[in-house]
Amino acid sequence: MSHSQPRETTDVVVIGSGPGGLAAAVSMARAGLEVVLYEAEHTLGGGSRTLDLGLAAGVRHDVCSAVHPMALASPFFREFDLEARGVEFAVPELAYAQPLDGPEAALAWHSLERTADGLGRDGPAWQRMMGPLVENAEAVVALALGDHRGLPREARSISGLHAAAMMGASVLLQGTRAWNYPLATEQARALLTGVAAHTVATLPALAASGTAMLLGSLGHSVGWALPRGGSQAIADAMIADLRAHGGRIHAGERVASWRQLPRARSYLLDVAPEVAESIWSDRLPGATRRAYRRFTRGDAAAKVDYVLSGPVPWRDERVGGAATAHIGGTREDMARAEAQVSAGRMPERPVVLLSDPAVGDPGRISAGKRPLWTYAHVPHGYDGDVTETVTAQIERFAPGFRDVVVTSRCTPASRLDKHNANYLGGDFAAGAVTVPRLATGPRWAWNPYATGIPGVYLCSQSVPPGPGVHGMTGYFAARHALRERFGLADVPPLAPSRSLN
């Protein structure tokens, strides 16, 4: 592509086809605007892609995200209505599991009552902690997935305010050194810590605690769902809607400079701050440029994809009913491993997130072979092959696991950005997951999506509300663009159009 003259003129340019970029593109196209989207990779979907890695015939792996409670709960996707567009979700009755070194694992069921019953003397505490959040799930989601610029409408009722207060109290307890109160048993503490570890950060921490409260409560409300066929189904539904409303997509075209792009009234960037700075450097205000360059990266993950000849042989057979397992042992074990990662040391026993999609979606099995998706938490930029380390961690809780492994492939943290430029150094959250980052994004400004260049907005995971397949970063950025550049009051309806879908 020429760097000298733009090839065309359009209303909107979107860079990046992750959930944020696609949500922004769909929102703008729904407003009747001409949208052109550029994606550096040859496949679309960013962190919600599902690909054949060439490991076994017919076996496809999710590239980044695999399990989607936030996609079911997200206000954007609820209005967009994925299920009406043919996306089918499997919601396992066992939401997630935490294997332990003893004979019994800790289990989180879709049913809050069943989970509490299984936690023994910690059952009442779990019920008190999660119950108000489950009963007021809309308020909790609005608080967690809002733009963090005020109290959302859903949280202004008496019940919503109560849920907000209960969530705040739990976040403070579980995000500080008081985190062992009120949970007394190893099972309950480990169960909650496994969810908090999705942030890949030193524990305890407030942002990690908030993540645990959100995802934990969603496990008991909408469930920890898997799209049948893989995460690509979510991206494909948005791509189909974008094309149906006139959007054009250029895949396999990496944008290195704004000079490559068509002239447009608005640009929405589903890229990390460093990437945005490299594309727009000579036009960004100095303060923005410095903030984007100083943007703090988080700890990392290395991915190991397996092909198995059968189910994981868990010591506690009940774990086999969960499509998601958090591997790491006790709360103390996981906190120690995460502290080592943050200190730049590779743990002998790292925290491992495991997804076994065939548990909820048997269609993922091909000729008796099934995919297994794992991430191990590692220091930022770590370039080692962690296959043996991850295998040993799983074998610790599933003796005989090696016997069902047909083949595997490791993607070191240092190479994650080769298939997604936002994942620099293996940081797939596109920035350290901290309270300030979730509230403000990469710079202090009332409008965190604005870059300081009129009409140019950031809509990646690096801006509020932060990481996850929820589409809200793109929705909020599009809302600002529509108001400020096109004089439109808000994002138009997103529900399926009978005439086009």
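Mentor: Buried area is the accessible area, found with a 1.4 Å probe, that two parts lose on being put together, summed over both. Keep in mind that this is a predicted model: local features need pLDDT of at least 70, side-chain atom pairs count only at pLDDT 80 or more, and totals for chains, interfaces and linings use all residues. Residues are numbered from 1 along each chain as its sequence is written, and side-chain values use heavy atoms, with hydrogens and water left out.

Trainee: Into which domains is the protein chain divided?

Mentor: Domain bounds come from an automatic or database domain assignment. Here domain 1 covers 9-52 + 230-296 + 430-486, and domain 2 covers 69-226 + 299-418. Their centres, taken over C-alpha atoms, are separated by 27 Å. Contact means heavy atoms within 4.5 Å; 33 residues from domain 1 and 23 residues from domain 2 take part.

Trainee: What area do domain 1 and domain 2 bury between them?

Mentor: About 2,100 Å², with 67% of it on carbon and sulfur atoms. On the side of domain 1, the residues that lose the most area to domain 2 are I234, V433 and H470, together 21% of what that side buries.

Trainee: How many salt bridges and polar contacts are counted between the domains?

Mentor: A salt bridge is a side-chain nitrogen of Lys or Arg within 4 Å of a carboxyl oxygen of Asp or Glu. The count between domain 1 and domain 2 is two. Elsewhere in the list of pairs, the side chains of R479 and D147 meet in a salt bridge at 3.5 Å, N to O. A polar contact is a pair of N or O atoms within 3.5 Å; within protein, one must be able to donate a hydrogen and the other to accept it, and residues adjacent in sequence count only if both atoms are side-chain atoms. Seven residue pairs, both residues at pLDDT 80 or more, are in polar contact across this interface.

Trainee: Which elements give two or more residues to the side of domain 1 that touches domain 2?

Mentor: Helices (H or I, at least four residues) and strands (E, at least two) are DSSP runs, numbered from the N terminus. The elements in question are helix 1 (19-30), helix 10 (232-244), helix 16 (435-440) and helix 17 (472-486). Helix 10 gives the largest share, five residues.

Trainee: Is T296 buried or exposed?

Mentor: Buried means under 20% relative accessible area, exposed over 50%, and partly exposed in between (1.4 Å probe, protein chains only). T296 is exposed, at 52%, and sits in the loop between helix 12 (286-293) and strand 11 (300-308). Leaving aside neighbours within four places in sequence, T296 is in contact with G431 and A432. T296 and V433 are 137 residues apart in sequence but 9.4 Å apart in space, C-alpha to C-alpha.

Trainee: Where do A367 and A430 lie?

Mentor: A367 lies in the loop between strand 13 (352-355) and strand 14 (370-378), and A430 is in the loop between strand 15 (405-411) and helix 16. Phi of A367 is positive, near 50°, and phi of A430 is positive, about 55°; neither residue is a glycine. A367 is exposed at 74% relative accessibility, whereas A430 is buried at 2%.
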